[in-house]
Amino acid sequence: MKQRVLLVGVGLIGGSVALAIKQEHDVTIIGQDVNAEHCKLAQSLNIIDEITDQFMEEAERADLILLAAPVQETEKLLTQLEQCSLKENVIITDVGSTKERIMERARVLHEKGITFIGGHPMAGSHKTGAGSAKAHLFENAFYILTPFADTKNEKVEQLKEWLKGTKARFLTMDAMQHDRLTGIVSHFPHVIAASLVRQVKQHADRDDLVNGLAAGGFRDITRIASSSPFMWRDIITHNKENILSFLDEWMEEMREVRSMVEQGNGEQLYDYFRGAKQFRDTLPIRSKGAIPSFYDLYVDILDRTGVVSHITTLLAIKNISITNIRILETREDVYGVLRLSFQTEEDRANAKLCLEQHGYGTYTTM
Ligand SMILES: NC(=O)C1=CN([C@@H]2O[C@H](COP(=O)(O)OP(=O)(O)OC[C@H]3O[C@@H](n4cnc5c(N)ncnc54)[C@H](O)[C@@H]3O)[C@@H](O)[C@H]2O)C=CC1
Ligand SMILES: O=C(O)C(=O)Cc1ccc(O)cc1
């Protein structure tokens, strides 16, 4: 019998993950949504195979439960799941943009021995609905997983196997780090984008020319203000403490800018823009996600023949998975530098220890 995947919240992200799952697994996907029309559309697009309005009943038959509603709804769904007699080996995951509140709510299930692993594919768009879903939406994007500290690695690997068709780059971290990082690079910019648009609107109300002139750069930096207000209300509510702290930092920064402008200090203004440009120009271009790089470890290799396989074998024995491996540099053709990339800081630390115990020289920056 085919495995059953219950998708709750049949929208842009849920639909895209469902399509990616279908690419790699022969499964039955059952969709459930507060809006029945969303399920009908998704079924007509072959994103889901069946529709249900019996969330709890279907949850009890599911092998994988994917919660893809706005984050405050996801909390309610987790509470409902506490009442279900779920399959022993079911994996529950979500796609929500915040993780701390969701992991707190999922703790009851975790303590009952049910596997819940938080998930956040770090790509998307300002569009909503399954009509815009794409199997390749997350290709090469970061996909953050937030297991509980004592969740078995085997379960995390099972979830990655389910999600393999996303072709995303998985990163594991705890919920607190997740909310801080995504808060600064993704959530807070939405507040700023919305505020810029609202400020321009006030001017547009007074002068008809504003609308026509607000093109180009203004549209670029405010694209994300066209995202779903339901979704962003929930995200900002969940990530309240981080957002408050970023707002304080921002207001302080604006006070400094105000003073530079007031004083007409050209040199300071130049430095301000130059500093921003310098950092922005270093940001990765092709990566879809907002989180920087993997955890890299550099290893001196004395003799390339056989040494790479020796290193990978040592790490495989210790169950440390390498995300990427590359010989960066050969020095006088005698020794070189191998760059190993890991998905977590813990993997990098374990790899460093293991390789140093076997006599390799390692360092974390080049
Ligand atoms: N839009 C984006 O770019 C990204 C969004 N996310 C997260 O993905 C989740 C879904 O967002 P989207 O797919 O963009 O939104 P969407 O609006 O396209 O889809 C959400 C769906 O959930 C349904 N829904 C709402 N409450 C529900 C409930 N209680 N039970 C069942 N269905 C319910 C809605 O009717 C809708 O069909 C959110 O938690 C968001 O934070 C994550 C990464 C990127
Ligand atoms: O379209 C954009 O630039 C986004 O900001 C998409 C996005 C929205 C929410 C997330 O949690 C992750 C990515």
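The paragraphs below lead through the ligand site and the salt bridges of this structure.

The model is predicted, so that local features need pLDDT of at least 70 and side-chain atom pairs count only at pLDDT 80 or more, while totals for chains, interfaces and linings use all residues. Residues are numbered from 1 along each chain as its sequence is written, chains are lettered from A and ligands numbered from 1 in the order in which they are written, and side-chain values use heavy atoms, with hydrogens and water left out.

A polar side-chain atom of Ser-97 lies 2.6 Å from an oxygen atom of ligand 2, and for a side-chain N or O atom of Arg-223 the distance to an oxygen atom of the ligand is 2.8 Å. Taken alone, ligand 2 exposes 340 Å², of which the protein buries 83%, the areas coming from the Shrake-Rupley method with a 1.4 Å probe.

Turning to charged pairs, the structure holds 21 salt bridges, each being a side-chain nitrogen of Lys or Arg within 4 Å of a carboxyl oxygen of Asp or Glu. One of them joins Arg-258 to Glu-262, with the closest N and O atoms 3.6 Å apart; the two residues stand 4 residues apart in helix 11 (residues 240-263), and are therefore separated by about one helical turn. Helices here are DSSP runs (H or I, at least four residues), numbered from the N terminus. Both Arg-258 and Glu-262 are exposed, a word that means over 50% relative accessible area, whereas buried means under 20% and partly exposed in between (1.4 Å probe, protein chains only).

In helix 12 (residues 266-282), Lys-277 and Asp-281 also lie 4 residues apart, and their salt bridge brings the closest N and O atoms to 2.7 Å. Finally, Arg-4, Glu-50, Glu-58 and Arg-61 are linked in a network of salt bridges.

Conventions:
Polar contact = N/O pair within 3.5 Å; in protein donor to acceptor, adjacent residues only side chain to side chain.
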